[in-house]
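Thanks for making the time this morning.

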Amino acid sequence: MEGAVPASPGPEGPPPRVRRKAARWAAGLLLALVSGPLLCRACDVDGVTPVPQLLAFLPWLLAPAGAALVLAAGTRWAVGCAWGLAAVLGTLYFLPPYAAGGAAASGPEVARLRVLTANLEFGGATQGLLEALRRERPDLVSVQECSPEECAPALDGAEVRAAYPYRIVVGGGRAQGSALLSRFPLEPDGAVRGTLAMPRARVRVAGTRLLFQVVHPMPPVAGGVELWRTELGRVRAVAAARGEAPTVIAGDFNASQDHAAFRAVLDTGVRDSAALVGRSRTPTWPSLTAPPLGAQIDHVLLSPALEPRRARFLDLPGTDHRGLVVDAVLHG
């Protein structure tokens, strides 16, 4: 028909060659993101920012590694396929619990202990902690970020003093404060030097002197990785110098099993109780996404004289950490 104009074809998008190139670039960027932390993990180092931060979430690197592998396969990029497969297999290789630590003691059972650790986030979870103390009735308690405004006065109340007549409460700031509570007699035994308070005590349990250390190093934030590494190194020194004393090292380590600085603590022979009972990858931070997404940075480490039987994670309102309760047996 005269005057009719044929319809113009719709947009077809970028040509296949451009789309293929973009997909390969995306795969390469994802693999570069994953490869740095995996290489540091394999070399037993924590590296520099942002590697220590990414190492805390190593299991979740499977997502970008898998996506990169799919993109590489879809564009028939042989190098990318090999790289992506190596990244996926490398991540899977590091998922099992770190196997360091001495064998459990085989002597007679001396006592049963329940240990609780909780980071209160500037004291915001103080009421949740008090409820947990009533409900769980732990024997030894490690508290971090025990603020002088909320936490310290609450722990000085009559109910808590009756249940835990032996205690150390130190630190003057909202994040700096820490507390050590015990149903058993204790003697202060110094502290790990750090920005945040990390007190230590010798606790007498059934005629045995047990070493109890609260842990709270600074986190590995940008510009603070070296401080974090140094303070965790001091925790390692305590673990290495414990001698034959049964030992509990509990708190917010700001480190997971994928950090070399934390594995160095385990290399002294103390054992991660959650890992021993099959809970090594249960996240404790940030509580907003944990579980299922997060990192386990709160730990209860035990020397071989203490055998963990159960580990449970507590959701405490008012904090970005989950609490951890461990039931253990002390062997003679």
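Predicted model: local features only at pLDDT ≥ 70, side-chain atom pairs only at ≥ 80, totals over all residues.

Let me start with C40, whose sulfur has its closest cysteine sulfur in C43 at 6.9 Å, which is too far for a bond, given that a disulfide is counted where a pair of cysteine sulfur atoms lies within 2.5 Å. C40 has a relative accessibility of 14% and so counts as buried, where buried means under 20% relative accessible area, exposed over 50% and partly exposed in between, with a 1.4 Å probe and protein chains only.

Residues are numbered from 1 along each chain as its sequence is written, and side-chain values use heavy atoms, with hydrogens and water left out.

How many disulfides does a search of the whole structure find? The search gives 1, and this disulfide joins C146 to C151 with an S to S distance of 2.0 Å. The link of C146 and C151 is left-handed, with -90° about the S-S bond. Both ends are buried, C146 at 2% relative accessibility and C151 at 0%.

Turning to the cores, a nonpolar core is a set of buried Ala, Val, Leu, Ile, Met, Phe, Trp, Tyr and Cys residues joined through side-chain atoms within 4.5 Å. The largest has 26 residues, and F212, V248 and V300 touch the most other members. Among the elements that give two or more residues to this core are β1 (109–119), β7 (208–215) and β12 (322–331), strands here being DSSP runs of E of at least two residues and helices runs of H or I of at least four, numbered from the N terminus. β12 gives the most to this core, with 4 residues. Apart from it lies another core, of 21 residues, which includes C151 along with L120, L130 and Y164.

L130 also belongs to helix α5 (residues 126–136), where the buried residues include L129, L130, L133 and E136. Just after α5, R137 takes a positive phi of about 50°.

Finally, the lining of the largest pocket divides into 13 nonpolar, 5 polar and 4 charged residues, where Ala, Val, Leu, Ile, Met, Phe, Trp, Tyr, Cys and Pro count as nonpolar, Asp, Glu, Lys and Arg as charged, and the others, Gly among them, as polar.
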